[in-house]
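Hi everyone, thanks for making time.

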Amino acid sequence: MATRKNPLFDTATTLGKILLFLGVSAICGVLVAGLLVPAAAVSGSAASGSIDFFDSLPAELKVDPPSQTTRILAADGSEIASVYTENRTKVPLDQISPNMKNAIIAVEDSRFYDHGGVDTTGILRALVSTARGNKQGASTITQQYVNNVLNANLAAAGEEDQIKLNGVNKGVGDKLREMKLAIALEKEFSKDQILEGYLNIVFFNRDAYGIEAASRYFFSTTAKDLTLPQAALLAGLVNSPSAFDPITNPEKSKQRRDLVLGLMLNQNKITQAEHDAAVATPVEPKVTQPKQGCAYAASAPYFCDYILHLLENNPAYGADVKERQRLIYGGGLTITTTLDPNAQATAQEQANAAAGANPDKWGAAMVSVQPGTGKIISMAQNTTFLPGQGFDSQLNFNVDKLDKDGNDLNGMGGAQPGSTMKPFTFAEWLNEGKTMNTVVNAAQRVYPIGYPWKNTCGKIQGAYSTAQKNAGLDAADDLQNAEPQWYRPLTVLEGLYNSINTVTFASAAQLDFCGIQKIVDAVGLHSGLPSADEPNPKVNMMTLGNLLGSTQTSPLTMASAFATFANDGKYCEPIAITAVTDATGKQLPAQSSSCRDAIKPEVARGVNYALQEVLNRGSGALIQPRISTKTSFPIGAKTGTSNNNGSTWVVGHTTGLATAAWFGDPLGAQDRAGQNITVNGKFYKGIDGYMIAGPMFSSYMAKIAPAYGTNPFPAPPSNMISGTTTSSPPARTTPQATQAPVPSAPAPQAPATQAPAPAPAPTSNGSGNNGKGNG
């Protein structure tokens, strides 16, 4: 005969299940003075040996701040963009609506203020309910908070696969640990602190972590201003964010909300009238979809991307990139930058207008730095960061490909600067004590292999000789100017402001190339593309083509170099980040101005004198920035054009602002020629620096430079200017500029008569730019 079961211990009965649960708990020593009494009593129960097992469980919970949204700010405090792993904004409990606090307690843990972390009454009630076939949870808000913190810590450590979810992969041991930690937590923190932590960490939606983000996402409001029906809906959502989503499941969401409202009524948290009015309120979400990341930046998406790369490359933010990204994207940082929103808006306007609709995808970029500080004031280009929205590019046209340590900057790596390199040879001319009005032979076009250059620290590479080239030797064609009338004796000053290639070479022939190299290095010039050995190789001035700008440099590098002239010879490293604070207000490492003596003050003043003449009567005469049609201000600049016109520039400065404007081919290494092309509805036989980049520069500086200071440049020593002068030829014939500038800077007007540009010269011999493009 079968043994008869004792009905008292039959686990198929409700009573049997309850007794089984109590028996197992007692064996483990879990309930004895650990779960059945409040936390205060637990601390006084140490004498009982029955809690040895329970006490052996870990009691320390590392409550790190949950992942929070990081904000990138402009210099004036306005937001550029936000980035996050989890969209969360932490708020204190007093900034959360009482409706929300009452609603979440009503539905998740009605005895929250009565238990010591684990609610044994709730456990027994849940057990009975489950035994009857109605599964019911018994986790308190404190336990839920513990579980969320444990999972958040795992996520922060990159161990997402270890995350435990209720009812999915959580075992008895996990629950016991959770209970022990909950009890310990209640000894350390007040109820309000736990409730605040819980409401700030709990998941509502993949775009809404914590109550503030949820309020903004679902109702376009703040946690402080949640109404009763809104709060009840969000409180109900916590149990199953997908099942009770008011956007995808409005009916189930309303049922769940009304259940919460009923619980609040039963627990005397609201009146009958408040309950009835809330139940009658329709479920009407008003979603504000967060747009995180630099692609959605209010302005300056490429500057924003540059900021993130600077931080990701900084060892002060973590041992490796993964650790740094966890801090940057989840640390709730506030990153204050150097960006001027007004200057940025104007720069973006000019960059966008440069090529108009731009079906051929010509690139336009502009960046400004502040002399004396190195602060990057604006950074713009005529592309979109988001794919599929017109001319899109992920590359930043304004910066190097890599930083000085070889870390990625997501930069294009620059472009050939052309004649914007000429001021540095001119600077060495003055540095060696020569006068700017000394006459040189600009008729000389042949610099053959074996030419007696002076160089005390290296060997010159390259040659210009059509005869040697035709003889099969490694030389380029004879040096060229853009216009024939300049092959004659000219002063060094005339050669610079009219951008005459043969004058630059005639000057260099009287200089020590080692001195030119030192000038170029001192002002921070380097290639924007890495070599096999260096991430930022020097611009090798031993290569003749680099006298005319054949090595790619970035606009940021050029602007910073010219800022040295504006700063009386002191070079300042470009900086973009002035302050970083974490979610607790702690200051993290940022950038500060780093300046050094680069060239003699009198040399810088001499260069400024000459660069003003570029705009007064030289290659940039048609792009002189003016506040009005009759009013200009002290400003110097240099135009530049590569051999095939695929890279064109204007770089210049006032005493308070230095700017580089670039227009050209961004799709390769400027391989596409800027010749016989149509841009913005206008045909060009060959674009020069002043034609499109010029009006960009002029219009921008006319609007922005006065705010940063346009004091007169200090005069150079009189003996630096003295010497023989020659008469200038008739004014250059120059095409009409095409961009429509801002009203304060009228576009230059002139007939389009320039002859077609010749084909690029070979570069294998080190000659690089054969000097077609004067500017």
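This is a predicted model: local features need pLDDT of at least 70, side-chain atom pairs count only at pLDDT 80 or more; totals for chains, interfaces and linings use all residues.

Residues are numbered from 1 along each chain as its sequence is written, and side-chain values use heavy atoms, with hydrogens and water left out.

Okay, empty space. Rolling a probe the size of a water molecule over the atoms shows where empty space is left. Here that's done on a 1 Å grid over the protein atoms alone: a cavity is a set of points where a 1.4 Å probe fits but cannot get out, a pocket is an open set with protein on both sides within 12 Å along at least five of seven lines, and lining residues have an atom within 4 Å of a point. Points are joined across faces, edges and corners, and a volume is the space filled by probe spheres set on them.

How many cavities of 30 Å³ or more does the search find? There are 3 in the whole structure. The largest cavity has a volume of about 70 Å³, and its lining has 4 nonpolar, 4 polar and 1 charged residues. Among the lining residues are Lys422, Phe426, Leu496 and Ser507. Helices H16 (422-431), H18 (492-497) and H19 (501-508) each give at least two residues to that lining. Helices here are DSSP runs of H or I with at least four residues, strands are E runs of at least two, and both are numbered from the N terminus.

The second largest pocket holds about 900 Å³ of space. It has 38 lining residues, and Tyr306, Asp403, Lys404, Glu573 and Pro574 lie nearest its centre. Helix H13 contributes the most to this lining, with 4 residues. By class, the count is 16 nonpolar, 14 polar and 8 charged.

Now the sheet. Strands pair if DSSP finds at least two bridges between them. An open sheet is built from 5 strands in the order S2-S1-S5-S11-S12, with mixed pairing. At the edges sit S2 (79-83) and S12 (587-588), each pairing on one side only. S11 (residues 577-581) and S12 run antiparallel, joined by 2 bridges, and Thr581 has Gln587 in S12 as its bridge partner.

Last topic: aromatic rings. Rings of Phe, Tyr and Trp (its six-membered ring) pair if their centres lie within 6.5 Å; planes under 30 degrees apart are stacked, over 60 edge-to-face, and the rest tilted. The structure holds 16 such pairs. Phe203 and Tyr209 make an edge-to-face one, 5.2 Å centre to centre with 65° between the planes. Is Tyr209 buried or exposed? Tyr209 is buried, because its relative accessible area is 17%, and buried means under 20%, exposed over 50%, partly exposed in between (1.4 Å probe, protein chains only). Phe203 is partly exposed, because its value is 33%.

Phe562 and Phe565 are edge-to-face too, at 5.7 Å and 80°. Both lie in helix H21 (residues 555-566), 3 residues apart, about one turn of the helix. Phe562 is buried at 0% relative accessibility, and Phe565 is buried at 0% as well.

Terms used:
Ala, Val, Leu, Ile, Met, Phe, Trp, Tyr, Cys and Pro count as nonpolar, Asp, Glu, Lys and Arg as charged, and the others, Gly among them, as polar.
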